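Please keep the sequence and the coordinates at hand while reading.

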Amino acid sequence: MEPLARRYRRLLFAYPDSYRRQRGDELLGTLLDTARPGQRRPTVAEATDLMLGGLRQRLGGSLAADLEAGLAFAAPFALALAAGLGGFLMLTVERMPAGIHGVGPFRTVGPAAYAVWLAAAALRAVLPAGLSRVPVAAAMTVTAVLIPAAVISGYQRPPLWVILALLGFGAIAMAGGGEPLTGAARLAVPVGALVAAALAKALLRWQQLDGMWWDTYYQTAPRLAGMVAAAAVLGVAAAGAVAAARSRPARPYLWAALLLALPGGWLGPLNTSPAGPTPGIEFGRLAEVVLASCLVLAAMTWLAALHRAAHADLLDRAGGLAIGCAGGLCAFLGLAGRLLFVDRDWQFGDWRGYVGWVLVAIAWPFLAPAARRATTVAALLLMLLAIAPPPGVRGSLTVLAAVALVAPGRPASRIGAWLAVPLTALGTAAAAAVIAVYDNGWELTGWVAYQQTAALVMTVAIAPLTVAVVAGIRAVLSGTRTVAGALLVLAGAGWIGLLALPNLARWGPTLLLLPLALGAVLVVQWVRQRPVRVARLRAYVDAHQADLQSLAYLLTGDRAAATNLVLDALAGAYRSGRVEDREVRRRLVRLALNRSTTCPSIVDDPLWTAMYGLDPARRVALVLHVHAGLEPPQIAELMHRPEPAVRRLTDSALAELARRGAPAK
Amino acid sequence: MGVPLQEPTFLILTALAGGPLHGYGVIQEVTRLSDGRVVLRPGTLYGALDRLAEQGHVVAEREEVVDGRLRRYYRLTDEGAAVLDAEARRLADNAAEARRRLRSRPATAHFIAAAPGRRLIAHFIAAAFVG
């Protein structure tokens, strides 16, 4: 192949595999047609064009557009919330009683940043669009500098979550800002900031806390600010509900609500974790923040999934993620327990309780699903038999193992699948290390309470468990692997709920409001779209019923069974919201793989009789090839298997038929 | 129907109105139609063709291999022709209305600054979700 064609082909990797298989040659041909004579390399413009084209293909249309609109909508809210929060904190928590001095008249170094946020909100009204991001960038910089400044100067700083929430709001304001404003819209951000600060202050007065909590540092104030953020999230989501009710696109509003809810959730919760070493795990603030973030991220992925074919293999990944997390946690807890804690043997338990998980995580990509299950059980038994981790840690590891047992996944084939588990383990161990350093007063060694730190570190397990719950819900909703899906939901949600519910009353407001708001919008959207969906289904059935029926008849060999198969496939596709030919056929084939068949009674042909005696996979592959006249790539897509495997299936099916003495076609 | 077509889409449909064309043919024809103002790149073209095919406005008709390069020809469907016709009518009406008003009063130019950074960020966040 000439070098230019080779380089173009490399650029085409921007497109999804399936698209490249179908259209790659055609695209390449056109690219070569448009190339200048003598051109040896793709131009930057061509490369960008292909990258964007591939991205668009992968996103399946309008996701980026929705997100962009959502960011633009959320940006002024984010800036107003950040400035309002700053103003509120500066006027209340930070104000020291007369006679006591901190940083000048203030308690911490925080006001330096708060003042810049207030200025940024005010400047939004006057600066031209091109410069409007500059003050936000300045405010973010000052906010980030608070942490080292507090360390160097020895003064107190605001809590980490307040700083992170400000940075989060700032990131939204940066990303979505830059919109030119006219007239009254210019005043929206400053006025919004004032309203936010006044609302938080009113809440404070309502709770009769004004002026009497100067000795409690920041304890309650961020929570009140979190209430205001939650109100903004609810407002944006309500705007989405109104849009949906008027049949206008609601997704940009949902994106805006979710984007705001992410940093908003960090403001909410009180610290509920008990002081001192505890034998079990109880959720503290970190867990609440992680859980709130996971919920928001799960909602975001769900929203993103509406735009494209759902990842059917999320269920296959859940187990790997869980075991990667378990391995990373144990690698850290085992190693840290031996090396970094002062009381090495006290409460740490036996190293054998940890090592099994690490080994399983390392071996995972190399194992077949059955072996994965077996090794997980072995690690579980080893942990339970050895005098091992604290009970709470044991509980979390057991739940992670349950997820791995239910969803051991497929053998690793692509590079991503090989790397997923090791990378998860490494990331988990790194996160655990950061949390442990934080929990031990930012000391790097010589840690004291193993059990307490271990309990806090286990918070990380919330992330893979959330993935498991999402995968489970998707599996149940789409009607495939319902039992496995239900088990995953039970394991993940059950464990998180068990730990979270006792303290729910003290949790931040966002966590409670968010699902409520989202649920409302989705219900509205669902109701509005129902007639459209039904009409689409009817049109599809009218056009394709005969084709489907005959394909199903070939696959099952029985008229009644074929009708059932078609109805099940249609119902599944309807429930998943994707009544498309490809999706329905894929479901049809998948269902046929799990059903027994009879040879059609009207057929008196030894080939047919022999064919219907084959095992399901080979029979389906052969029927699709010989009778439906499909080529291996199409069969591979329908059967959700790699193409070489399909070729092997058809070849061995034909060989089997030949062996049985039937005349092979 | 009813939603205004974007200019590249309009030009692609117009190009195909003259008869079936392959990808490169469409690019050349669109360049010619717009006096060189709109130069489609393949990624953009096939994105638009996929969308149009999905909407049933164009169909892939036949394939041929020239110099080892695969060429697929696209044809305007009756539905696509109807959409193009409606759009052309709308544009003509708009143009007529604009001309009528221009005759009666002067217009003022209005510039709107774009926010290119946001689009890029949205793309990257979106890509992260697709994984």
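Axes are lines fitted to C-alpha atoms, for helices over the stretch in contact, and angles run from 0 to 180 degrees between N-to-C directions. Two packed helices are described by the angle between their axes and the distance between the axes. This is a predicted model, in which local features need pLDDT of at least 70 and side-chain atom pairs count only at pLDDT 80 or more, while totals for chains, interfaces and linings use all residues. Residues are numbered from 1 along each chain as its sequence is written, and chains are lettered from A and ligands numbered from 1 in the order in which they are written.

Chain A contains 26 helices and zero strands; helices (H or I, at least four residues) and strands (E, at least two) are DSSP runs, numbered from the N terminus. Of its 665 residues, 46% count as buried, a residue being buried if 20 or more other C-beta atoms lie within 10 Å of its own, exposed if 12 or fewer, and partly exposed in between, with C-beta atoms placed from the backbone.

The helices H14(A) and H15(A) pack at an angle of about 165°, and their axes are 10 Å apart. This angle makes H14(A) roughly antiparallel to H15(A), a term for angles over 145 degrees. On the H14(A) side, A:Arg372, A:Arg373, A:Thr376, A:Leu380 and A:Met383 meet residues of H15(A) that include A:Arg394, A:Leu397 and A:Ala401; contact requires C-beta atoms, placed from the backbone, within 7 Å.

The loop between helix H14 (369-385) and helix H15 (391-406) of chain A holds A:Ala386. A:Ala386 is partly exposed because 16 other C-beta atoms lie within 10 Å. In sequence A:Ala386 is 34 residues from A:Arg352, yet their C-alpha atoms are 6.2 Å apart in space.

Further along chain A, helix H24 (residues 616-627) has 12 residues and reaches 15 Å from its first C-alpha to its last, close to the 16 Å expected at 1.5 Å a residue. The expected span is 1.5 Å times one less than the number of residues. Buried residues of H24(A) include A:Arg618, A:Arg619 and A:Leu622. Just after H24(A), A:Gly629 takes a positive phi of about 70°.

Chain B has an open sheet of three strands in the order S1-S3-S2, with antiparallel pairing. Its edge strands, S1 (21-22) and S2 (58-66), each pair on one side only. Strands pair if DSSP finds at least two bridges between them. S1(B) and strand S3 (residues 69-76) of chain B pair over two bridges, and B:His22 has B:Tyr73 in S3(B) as its bridge partner.

Definitions and conventions. Angles under 35 degrees count as roughly parallel, over 145 as roughly antiparallel, 65 to 115 as roughly perpendicular and the rest as oblique. Two residues are in contact if their C-beta atoms, placed from the backbone, lie within 7 Å.
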